[in-house]
Protein chains: 2
Amino acid sequence: MNYQALFEQIKLKKSFLCVGLDTDEKKIPEHLLKEEDPIFEFNKAIVDATAHLVVAYKPNIAFYECKGAKGWLSLEKTVCYIKENYPEVFLIADAKRGDIGNTSKMYASAFLENMPFDSITVAPYMGEDSVTPFLSYKDKWVILLALTSNKGAFDFQFFQEGEQKLFEKVLEKSQEWGSQDNMMYVVGATKAEMLSDIRKIAPNHFLLVPGVGAQGGSLQEVAKYGMNDHCGLLVNSSRGIIYADSTPKFAEVAREKALELQEEMADLMDAKGIL
Amino acid sequence: MNYQALFEQIKLKKSFLCVGLDTDEKKIPEHLLKEEDPIFEFNKAIVDATAHLVVAYKPNIAFYECKGAKGWLSLEKTVCYIKENYPEVFLIADAKRGDIGNTSKMYASAFLENMPFDSITVAPYMGEDSVTPFLSYKDKWVILLALTSNKGAFDFQFFQEGEQKLFEKVLEKSQEWGSQDNMMYVVGATKAEMLSDIRKIAPNHFLLVPGVGAQGGSLQEVAKYGMNDHCGLLVNSSRGIIYADSTPKFAEVAREKALELQEEMADLMDAKGIL
């Protein structure tokens, strides 16, 4: 999916919501556990209930990998189901991969070739040749970690050379490797006011913002400091939507929670003059 | 496996060799392709031929992941085979994972709990809470990326605050989270003389050194600058051993290549007075 197509979807759905599929067998409604593939059945129900309200789904790969080959099959089934039934939705592999060139190439083929993901989150520590193999697929995206939403973000991401912090260096340097058409950045919502500094370095790129909801960020703040003329935001919510209810009505409640966020997003885009 | 047991193995085998299982169906001998699981059969043959010469095996997870669920099964079979038949060998998941706390916990369970790996390589960018979940297993290890062997290492790892480079900050800061008993560092061999600087910050930790062989490092240089009184080194070779020959004699040739390195390692340890 290219930049323009993604923006069209955002305008059409009046939403920049991404739903994180951090699907954990210990947390899904009990009645699903009798199914052959409870993880897939849960994801399918969540997707069917929310697809009209969201522009992206983001399976967190760790949650599947910890189930071994079986979890990998649940993941494959989930993303193929979404691509077949909702081809307009942007698919993010939240994998945080990154290795030397020939290894990153393998990871890229795992997610962008063998599975129909549109994008993958990538860790920047190993630099250019660990990132560029993911950029060699047409209309596919790298979503590079810049400023994350966790406490540990302060350990290295604010390391400072002269006036520049490490995450700013990542934002700057990586623009030599990709453009706003194939690279986005992960920027944590717990530091919403920092989005205005980030916008000075990357005014046009899409930003994937985790941490709204359970991780504590505010949607208004994110929009205030981070929204640009093409929206430029994908805001993720995982637990606040998918685990809002644990009864057989879980998907219906998930839809209500997604709808609340979508309506708030529509208002924010409207106020910005995007819709 | 704890520090002392690993050191005992090193002395017993007179070796600090790690063999990287970067197993690629396109590169393994053709006669194996008729097997049900060619990747596993290749690994099994390499392991049976070399286990007496090596202290560690390091499957590169990308090479399995790019085969989907089937690749994951080949990986599981490989590590279980090694653990059952050669329980004294140290197993490294070269996965370069790292995410917010509850996600890193899932990755830790995937590799250190559900599979019998002794250790996992971890990327430091997201800081403390992305690393510590991997440290909660007794006698299991984090191998943290410090200074990598690729060209891209120069993009961020040498970013400098005052007198300190980022990779030095990683070495220093991470010692607040783990000790020489549960943490090692990845240090690329293409910059062997830098090992003496690294030894000033981490004198006692084990260092996993990739990049000897195909990536161009010299074993003598690595030992000169990086070896300590407990050896303190695991030196990896992948392609130079496992793909040294592509005929049905591949395992035999792999053994010869591993033997050459092991004999060189024995001499280096002998010269240091370790054996």
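Visitor: Which residue has its backbone oxygen 2.6 Å from a polar atom of the side chain of Y125(A)?

Guide: That's A146(B), whose backbone oxygen sits 2.6 Å from a polar atom of the Y125(A) side chain. Before going on, some housekeeping. This is a predicted model, where local features need pLDDT of at least 70 and side-chain atom pairs count only at pLDDT 80 or more, while totals for chains, interfaces and linings use all residues. Residues are numbered from 1 along each chain as its sequence is written, chains are lettered from A and ligands numbered from 1 in the order in which they are written, and side-chain values use heavy atoms, with hydrogens and water left out.

Back to the tyrosine. Y125(A) is in the loop between β4 (119–122) and α6 (128–131) of chain A; helices (H or I, at least four residues) and strands (E, at least two) are DSSP runs numbered from the N terminus. With 3% relative accessibility, Y125(A) counts as buried. (Buried means under 20% relative accessible area, exposed over 50%, partly exposed in between, using a 1.4 Å probe and protein chains only.) Set aside its neighbours within four places in sequence, and Y125(A) is in contact with P124(B), L145(B), A146(B), F156(B), Q157(B), L166(B), F167(B) and V170(B), where contact means heavy atoms within 4.5 Å.

Now zoom out to the interface itself. Chain A and chain B put 57 residues each into the contact. The area buried between the two chains is about 5000 Å², and carbon and sulfur atoms give 62% of that; buried area here is the accessible area (1.4 Å probe) that two parts lose on being put together, summed over both. Our tyrosine shows up again here: Y125(A), F156(A) and F159(A) supply 20% of what chain A buries against chain B, more than any other three residues.

What about polar groups? Across the interface, 26 residue pairs are in polar contact, both residues being at pLDDT 80 or more. (A polar contact is a pair of N or O atoms within 3.5 Å; within protein, one must be able to donate a hydrogen and the other to accept it, and residues adjacent in sequence count only if both atoms are side-chain atoms.) On the side of chain A that touches chain B, helix α5 (residues 101–113) of chain A gives the largest share, seven residues. That side divides into 26 nonpolar, 15 polar and 16 charged residues; Ala, Val, Leu, Ile, Met, Phe, Trp, Tyr, Cys and Pro count as nonpolar, Asp, Glu, Lys and Arg as charged, and the others, Gly among them, as polar.

Take E65(B) and R97(A), whose closest N and O atoms are 2.9 Å apart. E65(B) lies in helix α3 (residues 61–65) of chain B and R97(A) in strand β3 (residues 90–97) of chain A, so this pair joins two chains. E65(B) is buried, with a relative accessible area of 1%, and R97(A) counts as buried at 1% as well. There's also a network of salt bridges that links K58(A), D94(A), K96(A) and D99(B). To place that against the tyrosine, Y125(A) and K58(A) are 22 Å apart, C-alpha to C-alpha, and 67 residues apart in sequence.

Finally, how do the two copies relate? Chain A can be laid on chain B with an RMSD of 0.0 Å by a turn of 180° and a shift of 0.0 Å along the axis. That is the relation of a two-fold axis. The superposition is by least squares on the C-alpha atoms of residues with pLDDT of at least 70 in both copies. Both copies use the same surface, too: 100% of the contact residues of chain A recur in chain B.

Key: A salt bridge is a side-chain nitrogen of Lys or Arg within 4 Å of a carboxyl oxygen of Asp or Glu.
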